[in-house]
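Let's take a walk through this structure together, one part at a time. Keep the sequence and the 3D view open as you read.

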Amino acid sequence: METRELEQIARQIRLRDVQAVYEAGAGHIGGEMSATDILTALFFRVLNIFPENPKNPERDRFVLSKGHVALALYVTLAKRGFIPEEEISTFLKPMSRLNGHPNCNKVPGVETNTGPLGHGLPVAVGMAKAAKLSGAAYRTFVLTGDGEMQEGSNWEAIMAGAQFGLDNLTLIIDHNRFQQGASLKDTNDLAPLRPRLEAFGWDVTEINGNAMAEVVPALEKRTARPHCIVAHTNKGHGISFMQDSGDWHHKVPNKDQYELAVKELSEAL
Amino acid sequence: MDATTKTNLYDCRDAFASVLEKLAADNEAVVAVCNDSVGSSKLGGFKSKFPERLVNVGIAEQNMVGVGAGLANGGRIPFVCGASCFLTGRALEQIKADISYSNANVKLIGISSGMAYGELGPTHHSIEDFAWTRVLPNLPVIAPCDRIETAAAVAWAATYDGPVFLRLSRVGVPDLLPEGHVFEVGKANVLREGTDVTLIANGTLTHRMVKAADILAKDGINARVLNMATVRPIDEAAIIAAAKETGAIVTAEEHSIYGGLGSAVAEVVVDHAPVPMKRLGVPGVYAPTGSAEFLLDEFGMAPGAIAEATVALLRRK
């Protein structure tokens with residue numbers, strides 16, 4: 001699938017995500033918008049996956065470590081055929097399998113349960129190590145937030161990834177510069193991320209994580225060491241009044257805001 | 001068999017290591033994961049036989065448990081080994097989210113649990129691990145009493161498709177169960193029949209309960225002894241039968257009296273068959289300096305003290 005087509009799918013995913021947040025009255029809209037291009041590139045171009053047989057042992061693994069943007073993953077999985085598209089309207093409703101953080105035992109396409117931050121990368125290291133042990137050809141991808149990198153467990157896993165020589169592992173950091181309470185800079189400033197990852201023995205690629213033409217080649221790149229993509233993104237990307245604001249971590253748009261967001265995303269389609 | 005002779009005491013870690021090596025020889029999916037604990041987890045033999053299948057993450061327990069979940073996702077059967085105090089305490093959220101909630105096929109092996117580290121002090125004691133782990137769904141919690149039960153439980157864990165927490169000691173114990181014993185999760189073993197009271201324990205305390213029953217027998221008190229290795233799922237039928245048939249229950253464990261085996265037994269008793277109970281264990285304090293054996297005596301779990309507590313309990317029947 002080519003860049004232009006992927007961009008169109010990303011906009012459709014954003015639109016459905018915003019609608020679902022508005023309908024459910026909850027969600028993590030800012031981080032969902034920042035991560036959508038990465039999710040789209042993974043599920044519609046890069047990952048070797050089997051929606052009809054989601055547990056195929058040869059599948060590439062994707063771990064959403066920033067589990068709070070589960071809705072963006074659900075919309076992507078639905079669009080890719082893992083779950084029915086109409087099921088998105090059940091998001092957060094009683095007894096829906098689509099709760100606020102993804103559940104691997106209920107939702108096909110989810111590999112491990114996330115929610116508490118700093119969990120996905122260690123699990124991804126284990127997945128990549130398993131492939132090394134068994135000789136499997138699958139690749140493992142994990143998406144974290146930038147604030148999430150404040151969790152120490154990530155750095156334990158980063159050390160292990162380098163020690164184990166996991167050239168089949170790609171970490172994507174959604175570097176949107178805002179965490180729940182404030183900016184990364186004003187909280188515990190990990191930026192610049194590149195030298196930190198390089199010091200731990202990883203190869204690092206920096207991209208505009210909202211530019212599909214940069215996202216796809218970065219994800220397809222193979223490196224001799226574990227690969228970290230520092231994806232510079234905008235929180236709330238695609239919606240003018242949300243963009244680059246810490247206010248939209250988990251705020252829900254009012255009617256006027258919702259209509260404006262739908263208008264902007266629809267125009268882009 | 002003489003429990004007082006050092007030569008007849010066995011370190012259950014050796015039984016664990018020996019079965020693990022056999023499992024690994026038979027199945028290339030079996031891997032060991034550890035936190036720089038090759039020596040204390042007795043993985044030296046595994047390392048020399050299967051060096052590529054020993055995944056040592058270094059001193060990083062949170063990562064160790066997450067890596068275990070990922071290995072299971074990739075079709076491996078990981079035995080994740082570390083001192084129980086660090087494995088369960090440091091990585092509890094990983095055990096909850098990555099293992100229990102995700103229902104990952106990971107075998108957690110808590111080494112040197114209870115007060116096995118004796119003089120090293122309360123930071124190294126693991127007398128909270130039953131409480132922390134037995135509230136987690138999907139996770140059988142098992143504390144074998146001797147080398148035979150340890151070997152049987154490890155073999156069972158490898159065939160069971162799901163997470164397991166196995167709690168081992170490093171303190172030598174004599175053989176108690178017969179050779180060839182088959183481990184059944186959630187099933188207590190009757191070590192001694194009795195009608196006056198039931199003594200329930202697991203791990204190192206089972207041995208002390210058997211000796212306490214011998215002392216009670218001399219006073220004409222006929223005590224049933226249950227070895228209850230599985231704390232979750234607890235053997236409700238055996239507990240209800242004990243309550244109804246013997247009318248009083250004493251528990252003892254190398255754990256805090258809050259939240260462990262005694263609490264699990266009491267929950268069944270109050271729900272189904274209320275009878276007088278006495279829970280022996282660490283009474284909600286940090287232990288003073290001393291060996292494991294010294295501390296168990298200090299906390300009222302010498303066989304004679306267990307017998308005295310039982311006699312006192314029987315006055316309430």
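Helices (H or I, at least four residues) and strands (E, at least two) are DSSP runs, numbered from the N terminus. The 13 residues of α3(B), residues 61-73, should span 18 Å at 1.5 Å a residue, and the end C-alpha atoms are 19 Å apart, which agrees; the expected span is 1.5 Å times one less than the number of residues. Just after α3(B), B:G75 takes a positive phi of about 90°.

Before going further, a word on the model and its labels. This is a predicted model, in which local features need pLDDT of at least 70 and side-chain atom pairs count only at pLDDT 80 or more, while totals for chains, interfaces and linings use all residues. Residues are numbered from 1 along each chain as its sequence is written, and chains are lettered from A and ligands numbered from 1 in the order in which they are written.

Now step back to chain B as a whole. Its secondary structure comes to 12 helices and 12 strands, and its C-alpha atoms fill a box of roughly 60 × 40 × 40 Å along the principal axes. For 317 residues, a compact globule would have a radius of gyration near 20 Å, and the 19 Å of chain B agrees. That radius is taken over C-alpha atoms, and the globule rule is 2.2 Å times the number of residues to the power 0.38. Of the 317 residues of chain B, 57% count as buried. Two residues are in contact if their C-beta atoms, placed from the backbone, lie within 7 Å. Among the contacts in chain B with a separation of 6 or more, 79% are between residues 24 or more positions apart.

Ala, Val, Leu, Ile, Met, Phe, Trp, Tyr, Cys and Pro count as nonpolar, Asp, Glu, Lys and Arg as charged, and the others, Gly among them, as polar.

What about the interior? The largest nonpolar core has 180 residues, and those with the most contacts inside it include B:A32, B:L108 and B:M209. A nonpolar core is a set of buried Ala, Val, Leu, Ile, Met, Phe, Trp, Tyr and Cys residues joined through C-beta atoms within 7 Å. The largest share of this core, 9 residues, comes from helix α2 (residues 29-46) of chain A, and the core also draws at least three residues from each of domain 1 and domain 2 of chain B. Take B:L108: leaving aside neighbours within four places in sequence, B:L108 is in contact with residues including B:V80, B:I95 and B:F165.

Chain A is next, with 8 helices and 5 strands. The radius of gyration of chain A is 17 Å, close to the 18 Å that the globule rule gives for 269 residues, so chain A is as compact as a globular protein of that length. Buried residues make up 52% of chain A. In the loop between α5 and β3 (169-175) of chain A you will find A:G165, which counts as partly exposed with 15 C-beta neighbours inside 10 Å.

Finally, see where the chains meet. The contact takes 27 residues from chain A and 26 residues from chain B. On the chain A side, α4 (120-134) and α5 (152-163) each supply at least two residues, and α4(A) provides the largest share, 11 residues. That side has 15 nonpolar, 8 polar and 4 charged residues.

Terms used. Buried ≥ 20, exposed ≤ 12 C-beta atoms within 10 Å, placed from the backbone. Domains from an automatic or database assignment.
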